[in-house]
Structures are given as structure tokens and as C-alpha cells.
Amino acid sequence: MVRRTIAAAAAAGLIVIVGHGTGLREQPAGGTGAVANLAGKVLTVKGPIDPSALGPTLTHEHIFIDFKAPPPMMPPPTGIRVIQDSPKERRGGLTDYGESLAEIMEFRKVGGGTIVDLSNFGLTRDPEALLRVSNDSGLNVVMGAGWYMKTLHPPDMDERTVEDLTAILVRDITVGAQGTRVRSGVIGEVGTGAFGDRGPLTENEIKSVRASARASRITGAPIVIHSFAPPAELQRALDIIASEGVALDHVAMAHTGTGNVEAMKRYTDRGAYVEFDFIGQAPGVMGSRGTLEQGAERVAADIRALIDAGLTDRVLLAHDICIQGQLKRNGGGGYAYISNMVAPALRAKGVSEATLRRILVDNPARLLTFVAPQPPLAPR
Ligand SMILES: [Zn+2]
């Protein structure tokens, strides 16, 4: 019901902006279509916090993940649970609570502050598990929202309108996800493209991108795009987001990071962030770049090139841990690989502590900070 109310209010341009720090959980049951103004705050699974409290932040991880298409969206998706399967049944995802907790504690031990978990529909998001692991680890956790790659869209995606999808996202951010009171603080990772697919964005992908933009405008939440589509199609996704009245400096393009300055500038010149991620695989595991040391050296060399080109404030760095072969227990770098190996490799290339702090602390905080909610643009 809340979803319908917000959707109707949004469609009619009647979104009501209420006072700072007032969450919808304080609204009367049934909702009013009001959207709390979280401008200047970061929304974690435990609620809004000041960006200065984030500390070193990993902008793109999966504490829990299971690649699986969700059930139909009507009725609303609820009850997606972390599967406590045995190691021998594990399909390569991250579905064991104790294992995931132990792995993220490695980040905590090296001074980490915040993990953004971008598991969303298609990646088996579990809001209550994220709340629990935030409490147990002492780390801030920011939860994603939205639809991952088209190969993992729910079976009723064709029938859902942009308005339907927008309403689900707005509810996740303002009320809570999947029937819980745990709120998403970022929209992503929003699927574009797929493995080995170089085609144009599909109609469903366009709906998902457009809904993500509208929900970002209505709530003030940032967006992270899963950038597997070809470069021209990624520019088109940015066009769609901009056309919905969202500033592109609130958008991160995941999986784009390379040392190719000209290619990176096509995103950063528009304000978007580029992100280095999916790193720290054990040697021989999909996507590994030789030994962990060699992988860190390559990432550091690429980032150094972007720093030299003046792009420091547009660079994000995360592991995108999503497979077993990235975990420390399996010979991967784990959630502390950036701290333990990439940061030292950057220092060895003359990168200062101040510059490291901009990349590891300041850029994530700027991306994740909500802006003021705005009514959706009038239909054109
Ligand atoms: Zn991705």
C-alpha cells in the first residue's frame, strides 16, 4: 500500500518533503507519500549517519551473494533468505553467515569503517542479515537496491512499468526493503549488459535505469551502475539518468576502472565516478591478474595514471568480492586486500597519504551522501 501511495504521489508530483532526520518509520501507518530529507547524511542499514563517520569505505562489495533470479515482484518480494548451505553444496556464492562475518572482520582489523553491499534483486539481497552483520562486526553497512543483470531479472520484469519499479526503489529507501524496516542507502548495482553481450540496452534495462534515476531524484540516494554494456550504451545510460534530473556526480560506473585516461574521462568529464573493483582473486581464479602482489601492482599503476591526469576525485576502489576465490580463507586477498597490498603499492609509486585518503575515504563519502529530495520531472 505504501508503495502505491508513494507511486501515486510521485506520479502526481505530490511528493512531500519532510524535515531533516524524520524517517518514514515515524510516519503514521500506511504512509503519506512523504520522503524524509536525508540531505547531508549517509543511510546505513542502522539508519542515517554523518559522512564523517564512514572512515575507509569499500564502495562495491557483496558480504552475502547468491546469483539467482528473484521471484515475481507482485506481490512485493519478501523473505529472501541467506542460505546456510554446507561448503560442499556451495555454488560459489557467499551464503554462509559465519564465514562472511569472519572475512569482513579482516577489513575492520585494518581500520576499515564502512562496506557498501550491492547485492540487490538477482543477487539475493538479505536486509536482516546485513543488519545483523553490521551489528556483529561494528562496521557500517550500506545496502543496495534495484535490479542486477537482465539474465537475473525477475520473471515479471516485462510487465512492470517504470512507475512500478520506481515505487519499489523509493519504498526500499524510505520505508524498508522486502517487508523489513532496513533501508537501502544506495541504488545499485543497476544491471547493464551481461557477460559476452555487446548489444544495446534492452527495454527492461532502460526501465531499470530510468526507475533508478527517478528514485534517486525523489529520495536523494546515489546510484551505482554495473557497467557491462558497451561504452556507447553506458553513455546512453548516463543520458537517461541526466534526463531524469539527476546530477551525474551522484553516479558511479562500476567495473570501469583502467589506466586509459581518455576512456575514463568520458565518464569523469560528465561528473561520474569510475571504479576499480573485482580484484584480489587467488591466482588462477576467474579474473585474477597473476599473484596478489602482481594484481595490486597493476591496479596501482592504473590509478597512478589517473592521479597524474588530475582525476583523483573521481576514482573509487573496491574489491567487488562476489566469489569464493576472492576470500582470504581461499587464498584471495579478502576485504583487506586494498589496505594490505594496493595501498602499499600506491605508496611505493609516490602517492601521498593525503591522496590515498581522498580515494579511500573522501570520494566514497561524497558519493554516498544523500542530496535533497526533489519531485520527479514533469512528463515531457
Ligand atoms: Zn557488477
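Mentor: Setting aside neighbours within four places in sequence, Leu238 is in contact with Leu248, Val251, Met253, Tyr267, Arg270 and Ala272, where contact means heavy atoms within 4.5 Å. The model is a predicted one, in which local features need pLDDT of at least 70 and side-chain atom pairs count only at pLDDT 80 or more, while totals for chains, interfaces and linings use all residues. Residues are numbered from 1 along each chain as its sequence is written, and side-chain values use heavy atoms, with hydrogens and water left out.

Leu238 belongs to helix H6, residues 231–243; helices (H or I, at least four residues) and strands (E, at least two) are DSSP runs numbered from the N terminus. With 0% relative accessibility, Leu238 is buried, that is, under 20% relative accessible area with a 1.4 Å probe and protein chains only. Between Leu238 and Val251, 13 residues apart along the chain, the C-alpha separation is 8.5 Å.

Turning to the metal, the zinc ion has as its protein donors Glu189 (OE), His226 (ND1) and His255 (NE2), at 1.7 to 2.1 Å. Donors here are N, O and S atoms within 2.8 Å of the metal (3.2 Å for Na, K and Ca), and because water is not among the atoms, sites may look incomplete. Along the chain the zinc donors have the spacing E-x36-H-x28-H. Glu189 in strand S8 (residues 187–192) and His255, in the loop between strand S10 (251–254) and helix H7 (261–268), are 66 residues apart, so this pair links distant parts of the chain. Glu189 is itself buried, its relative accessible area being 2%.

Conventions: Buried means under 20% relative accessible area, exposed over 50%, partly exposed in between (1.4 Å probe, protein chains only).
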